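Reader: I'd like to learn how to read helix packing in a model like this one. Can you walk me through it?

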Amino acid sequence: MSDSKIVELAEQAAQETDRASYQRAAELLREASALDAESPLLKDAWQRLQREEGRGPFARLVKSYASAQNEADGTEAVRVVENSQLSRDVADEAMQTLMELTGEDHLADRITGALLRTQLPARNYLATRLKDHPHVTFERLFDRGDESIDGLFAVLLDTNAWAFKEKRIAALRDIFMLSLAQMMEAGLAHPERAMKAIARALAAEANHLNGIIDADGFDVILSSLDIRLPVSLRSQATLATAKLLELSPDNSQKLITRYVTHKVAQPTTDGLIQAYSAAAAIFPIAPTQASALFLTQGFMETFVDTIITRGSQRLEEAALELLSAACIDKHCREAINKHCKDWLEDLSRTSSNKQRANKAALILVKTHDTPVGDDSAMTSASEDEHQDELVSRFKKVVLDSDNTIKQESVEGLAYSSLKPRVKEELARDKTLLRELVKVMSGKGVPKPLIFGGITIFSNLTTYRPVRTDEQKRISQLKAYANTKKPAPEDPLDNDTHVTIRCSRVLQAGVVPLLIMECKRSSPSVLSQVLQIFLNLSKEQKHRGTMAQQGAIKALIHVTESVSKTAIHTQSSYCQGNARIAAHALARILISVNPNHVFAASSALPITSAIRPLVQLLEDDPNTEQRDLLPVFESLLALTNLASTDDDARESIIKQAWTRVEDLLLANNPLVQRAAVELVCNLMAAPRGVLLFADGSPQASQRLHVLLALADVEDLATRRAAGGALAMLTECSDAVVDAVASRDRGVEILLALASDAGSEELRHRGVVCIKNLVLAEGAVGEKARKKVLEEGGPEVLRDVLKGEGNTVILSEGVAALKALQ
């Protein structure tokens, strides 16, 4: 009876082990062991359980999915591999099972991709397969899906997966050639997958792929730029083309020229669409080469006739894409204005296709100020009227159409809003601004639409740059050398008008949109977003609203993430973005109560704002002209933060003291004043007092500087220095002794106390004298003697005679009593 029960329990335990229910299997085996602990059957069962538990369920789940297409097991396999580290034998077994599968399979694709992405042993396994059987391995993974191809490249780019570098490079070249071969196959099911492989290989290891692509291979890539193809394919083809131009510019330029000129010289509608599409995609990548092609003699002269004669809507669309892209070049804009203007105007007014009509209107806006001849110095009134008509049209499309139609109109408004009068028109249209914010805040918004919208807000909020006297003189010299008189500055772009526009943009709800873009934008778009933050924060009245809507937290996060990127990449772009974000942060923190922003309940510590502000104190290494405004505003923001608690003050001293001490001697009086005001607030911290009171030569020198600053002409600087001295003399006998010992030390304090023009200065001076004469012991005796020698009692009596402030009277009386 017991033997049969043991067998039964062992079989049940085996089933639970197969299901990865290891705890239940162990319970069954313990129950069986109670009947016969020495049973060989149970010993084998325990060993199997331990072995399987050590291996984990992954290999079994993969086999289950591969044999029975059990989706639950496949999904669980993905979860397990993403959250555990597999042993080599488990990874090998799973990869062997997966590589036996053929055809497209979404779940197998997910498992393969996750396995190769997260497990080095799996990448080792596939590296061996690629070395021995590259063709079969590639085809299996290519047919399976995108994640498998991503996993394949995780192997190709992981040097740790390969024993020898040359084997990895050989496999990479094999996969690159196989991907090109796939693109050349007619009726390929997933061309974007093959093009993505080509683009990724070029992006990562272009130097190892030189010489592989011939004219036919390049033609395949250029043909994939066709506007009739999916955007996913075209974007990968664009990336591949850009890398090829970077890898071999001369040869690539020859192949591009051959491709385009051949299709234009022997035109078919299909060939022209491909040629125009390729040329349009090349313009942003290589504008010089593309414009040379565009300006080839005879091309523009027959351009419009070619399109009209063929009567193809797709050709018309490709032509418009090419013209729009060509507007990046001045000479191309002139050619478009000369040869295509009438056709574009007619198309913008009469086309039944809104998207093409909008694209034509966009091109007209881009070429609006381009002169047709040498005598065209200014645009005519009729052209300005036409510009206004286009702006009204773009606004209507933004308000009434779906997002696919809005893109060209938003881009058109972005170009138009460079003009001050258009800026004013757009800023006054509250409905348009709110709709633009709403559209850009949605999900799945095309990136060009986002870029165009951000550009509009940037144009509306940009202030005219402040020029130094030197820059103004240089500008005048250039004007004298120029035969044309420079246009006068438009009053619609003065600070008053820009501030009003900023206010209207802020009221439209742009801050939450900007915060969203901080998390998802490319560095170039992020730069514009941060500049908008900086523009909006220039007006003090805007800063509270920005803080309430989350701007401070967003800017701190941006400075942290961008600074980390800058450290790793040494990118001046990232450094510039970090500096703009810190400057906007400084402006907002000048005008808000830090205790409200960094409340105890907030997850944002006040110290997180200090590092970016401290970095702003240093000169910008990426600009020739020194700009002290960020330094000044950072000092004001730090002063505000230093008014909160000792944690903030200690952090500022730790991170910024050396630079702040330098700025106490700044030539600019505003920067010097702000530095002294910061020091005054820092004296409320014990560490701040020690900087002046530890008895060191450095402390003595600092006190000397502070006394000198209490004797300058600038009232605010003297007031701040006097406040710092009042706190120091109250806290430290060492400071009292140093002041009494220093030439003119007591004299300067008495001058503060007797200042007839400022009650605040008198208060600080009287407190300082009181602190000196009330000091105890030998230090106090020395101080009282010095004050008496300097005529202190007479000065104090004169002050008290006409003083109406009871606080000053009280402090002065206390000082006089101590001197009697």
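Author: Helix α12 (residues 191–205) packs against helix α14 (residues 231–247) at an angle of about 25 degrees, and their axes are 8 Å apart. Helices here are DSSP runs of H or I with at least four residues, numbered from the N terminus. Axes are lines fitted to C-alpha atoms over the stretch in contact, and angles run from 0 to 180 degrees between N-to-C directions. Before we go on: this is a predicted model, where local features need pLDDT of at least 70, side-chain atom pairs count only at pLDDT 80 or more, and totals for chains, interfaces and linings use all residues. Residues are numbered from 1 along each chain as its sequence is written, and side-chain values use heavy atoms, with hydrogens and water left out.

Reader: What do I call the arrangement of α12 and α14 to each other?

Author: Angles under 35 degrees count as roughly parallel, over 145 as roughly antiparallel, 65 to 115 as roughly perpendicular, and the rest as oblique. So α12 and α14 are roughly parallel.

Reader: Which residues of α12 and α14 make the contact?

Author: Contact means heavy atoms within 4.5 Å. On the α12 side they include Met195, Ile198 and Leu202, and on the α14 side Leu233, Ala237 and Leu244 are among them. By class, the contact of α12 with α14 has 11 nonpolar, 2 polar and 3 charged residues. Ala, Val, Leu, Ile, Met, Phe, Trp, Tyr, Cys and Pro count as nonpolar, Asp, Glu, Lys and Arg as charged, and the others, Gly among them, as polar.

Reader: Which residue forms a salt bridge with Arg193?

Author: A salt bridge is a side-chain nitrogen of Lys or Arg within 4 Å of a carboxyl oxygen of Asp or Glu. Arg193 pairs with Asp146 at 2.7 Å, N to O. Arg193 sits in α12 and Asp146 in helix α10 (residues 146–156), so the bridge ties together parts 47 residues apart in sequence. The count of salt bridges comes to 47.

Reader: How are α18 and α19 oriented, roughly parallel or roughly antiparallel?

Author: Helix α18 (residues 303–310) and helix α19 (residues 313–326) pack at about 160 degrees, with axes 9 Å apart. That angle therefore makes α18 and α19 roughly antiparallel. Their contact includes Phe303 and Ile307 of α18, along with Leu315 and Leu322 of α19.

Key:
Helices (H or I, at least four residues) and strands (E, at least two) are DSSP runs, numbered from the N terminus.
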